[in-house]
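The following questions and answers concern the structure shown below.

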Amino acid sequence: LHLAQPPLSRHVRSLEEKLGAPLFTRAGRKVALTAAGALFHEETRTVLPQLARAGEATRRFASGAAVRLRLGFVSAVLSPDLVEVLRRFREEHPDVQLVVQDSLPADQIDALRRGTLDGGFVGLAPRERTPGIDYVPWRQEPLAAFVPAGHPLAKRRALELGDLAGEALVAVSREAAPAFAAVLHDLCSQAGFRPRIVLQSSRAQAVAVMVAAGAGIALLPRSLARVVGDAAAVIALKDTPPIAHVFARAAGAPSPALRQFLALLAAD
């Protein structure tokens, strides 16, 4: 400790006074931990290694050797493709601390504007330009009709959107995903009917679960088939274009870590 005995004893007594408990029993030249001392030792034994790691991480960050990349995603895009992208980035850039959080599209955009998020998989790009936000195309995915098991349409191998006219539908709310809601509304209008939405949720996965529970039919990205299992039929839609997922980021020059991530998306 590089301390003489008297100042060391003063430090120990000061600590005992702050804690309100004796840490050592002293008998002549022998010293042993009390029960309170043993507890304090156990609770604090990781503090110094953790402090050392924090110092090293800070030094590496200051030198540019390690950075944090904060990414958001909406549950509708949580697929094996996304998991593979994140895995590959982590493997190729082990010095980048990857922080991922599930957030609604609107919340991700707000976080990008505030600088608390570096990028986000927001689903579809909004139809109106979002000031200060750039959208990078990522991948396309077909829409499918999610039909409860036992429903008359569940045995069909393919459906036209017009087959859903008058059916009870469950959907992702417009407030949570305005771009996705607008696309579905337009598709139904082009098929000659107005969707009869009986239930809504802010999460696409919750909508899939409501279908499995028999609440109605939903139009969702096909990758969400993993959520419903055998409780619902996932049926292809005829003559329906795929939806295009995008990655959102704040406009301007990206950080080195974000530039690396964008390069991986472009090569995917």
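**Surface, overall form and cysteine 188**

Q: What is the accessible surface of the chain, and what share of it belongs to carbon and sulfur atoms?
A: The model is a predicted one. Its chain has an accessible surface of about 15400 Å². The share of this surface that belongs to carbon and sulfur atoms is 55%.

Q: What radius of gyration does the chain have, against that of a compact globule of 268 residues?
A: A compact globule of 268 residues would have a value near 18 Å. The C-alpha atoms of the chain fill a box of roughly 95 × 45 × 30 Å along the principal axes. The radius of gyration of the chain is 28 Å.

Q: Among contacts between residues at least 6 apart in sequence, what percentage joins residues at least 24 apart?
A: The chain contains 9 helices and 13 strands. Contacts between residues at least 6 apart in sequence form the set considered, and the percentage of them that joins residues at least 24 apart is 72%.

Q: Is cysteine 188 buried or exposed?
A: Cysteine 188 lies in helix H6, which spans residues 178–190. A residue counts as buried under 20% relative accessible area. Because the relative accessible area of cysteine 188 is 1%, this residue is buried.

Q: Which residues does cysteine 188 touch, not counting those up to four places away in sequence?
A: Leucine 71 is 117 residues from cysteine 188 along the chain, and their C-alpha atoms are separated by 33 Å. With residues up to four places away in sequence left out, cysteine 188 touches Phe193, Pro195 and Leu219.

Technical notes
Residues are numbered from 1 along each chain as its sequence is written. This is a predicted model: local features need pLDDT of at least 70, side-chain atom pairs count only at pLDDT 80 or more; totals for chains, interfaces and linings use all residues. Side-chain values use heavy atoms; hydrogens and water are left out. Helices (H or I, at least four residues) and strands (E, at least two) are DSSP runs, numbered from the N terminus. The radius of gyration is taken over C-alpha atoms; the globule rule is 2.2 Å times the number of residues to the power 0.38. Contact means heavy atoms within 4.5 Å. Accessible areas come from the Shrake-Rupley method with a 1.4 Å probe; for residues, only the protein chains shown count as cover. Buried means under 20% relative accessible area, exposed over 50%, partly exposed in between (1.4 Å probe, protein chains only).
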